[in-house]
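Open the model in your viewer and keep the selection panel at hand. The stops below go from single residues out to the whole chain.

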Amino acid sequence: MSDEVLVEESGNVAIITINRPKARNAVNGAVARGIAGVLDDLDARPDISAYVLTGAGGTFSAGMDLKGFLSGDFPVIEGRGFGGLTEAPPKKPLVAAVEGYALAGGFELALACDVIVASSEATFGLPEPRRGLVAGAGGIMRLPRRIPYHVAMEIALTGDHYPASRLYELGLVNRITEPGAALEGAIELARKIAANAPLALAATKKVIIESQDWPLEEMFEKQGAIINPVFGSKDAMEGAAAFAEKRAPQWRGE
């Protein structure tokens, strides 16, 4: 944990906050290193099952710190990508809580999350072409996989800002909250996710992400390699026993 990235634990949910509100949470090297370090630590902990990513001071993130970029402070971590996240998202479910701006790299951080909860006043966009740049942190690759092709093209080529309501209509934003309530809504959703078995969650996320490129004739074989260990896990036995005994399961991540 550093001053630029804060972590708070709420049961088995970890809330990760980009803490540069005066810079609209623009991502610099310190933020990237902080997020990468936090995820390395938390992904190894069996007592944490899901994450929430948010920004301090009413803004998710305005993207890369351009002043830092000009001075040579490039916020990319080898093996993890921009913000310590976009090329290697965590194995565990990650929920974005978006208030204010999620622009450029900030939008790309949200796209690297598995679920997006946004305030009704939140704004998204990929304005990189307006600065002579390209949304190379996953934005122009992930966006057309999540929303219709021509809409993704419009967002990427115009550089315009789009309200959360529009992205909710397109299915990119999962839930819309009242202004100021995105974090609360994201934590609520993360807790619901984290109530499930951690091995099952990780396997489910892995299959959903990786199966998009699997050949049809290999899909079930590849899926089996990921999910079969879950069926033989202690948690699977616990889930069945808890159902039979009409009690809440006690997951161990084993």
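Select Ser 49 first. In this predicted model, Ser 49 sits in the loop between H1 and S3. Is Ser 49 buried or exposed? Its relative accessibility is 6%, and the cut-off for buried is under 20%, so Ser 49 counts as buried.

Now show what surrounds Ser 49. Leave out residues up to four places away in sequence, and Ser 49 touches Asn 12, Lys 92, Pro 93, Ala 194, Pro 198 and Leu 201. Display those side chains together with Ser 49.

Stay in that loop and select Ala 44. Ala 44 also belongs to the loop between helix H1 (29-43) and S3. Here the relative accessibility is 61%. Exposed means over 50%, so Ala 44 counts as exposed. Colour Ala 44 and Ser 49 by accessibility: Ala 44 is exposed, whereas Ser 49 is buried.

How far apart are Ala 44 and Asn 19 in space? Draw a distance from C-alpha to C-alpha: the model gives 23 Å. In sequence, 25 residues separate the pair.

Next, follow the chain past strand S3 (50-55). Select Thr 59, in the loop that runs between S3 and helix H2 (66-70). Thr 59 has a relative accessible area of 12%, which is under the 20% cut-off, so Thr 59 is buried.

Which residues does Thr 59 contact, once neighbours within four places in sequence are set aside? Two of the partners are Arg 24 and Asn 25.

Zoom out and switch to cartoon. Ten helices and eleven strands make up the secondary structure count of the chain. The radius of gyration is 19 Å, close to the 18 Å that the globule rule gives for 254 residues, so the chain is as compact as a globular protein of that length. Along the principal axes, the C-alpha atoms fill a box of roughly 60 × 45 × 35 Å.

Take contacts between residues at least 6 apart in sequence: 66% of them join residues at least 24 apart.

Finish with the surface. The chain exposes about 13000 Å², and carbon and sulfur atoms supply 55% of that area. Of the 254 residues, 48% count as buried. Then colour by charge. The chain carries 25 positive and 32 negative charges, and their mean positions are 1 Å apart.

Technical notes:
Residues are numbered from 1 along each chain as its sequence is written. This is a predicted model: local features need pLDDT of at least 70, side-chain atom pairs count only at pLDDT 80 or more; totals for chains, interfaces and linings use all residues. Side-chain values use heavy atoms; hydrogens and water are left out. Helices (H or I, at least four residues) and strands (E, at least two) are DSSP runs, numbered from the N terminus. Buried means under 20% relative accessible area, exposed over 50%, partly exposed in between (1.4 Å probe, protein chains only). Contact means heavy atoms within 4.5 Å. The radius of gyration is taken over C-alpha atoms; the globule rule is 2.2 Å times the number of residues to the power 0.38. Accessible areas come from the Shrake-Rupley method with a 1.4 Å probe; for residues, only the protein chains shown count as cover. Lys and Arg count as positive and Asp and Glu as negative; His and the chain ends are not counted. The place of a charge is taken as NZ of Lys, CZ of Arg, CG of Asp or CD of Glu.
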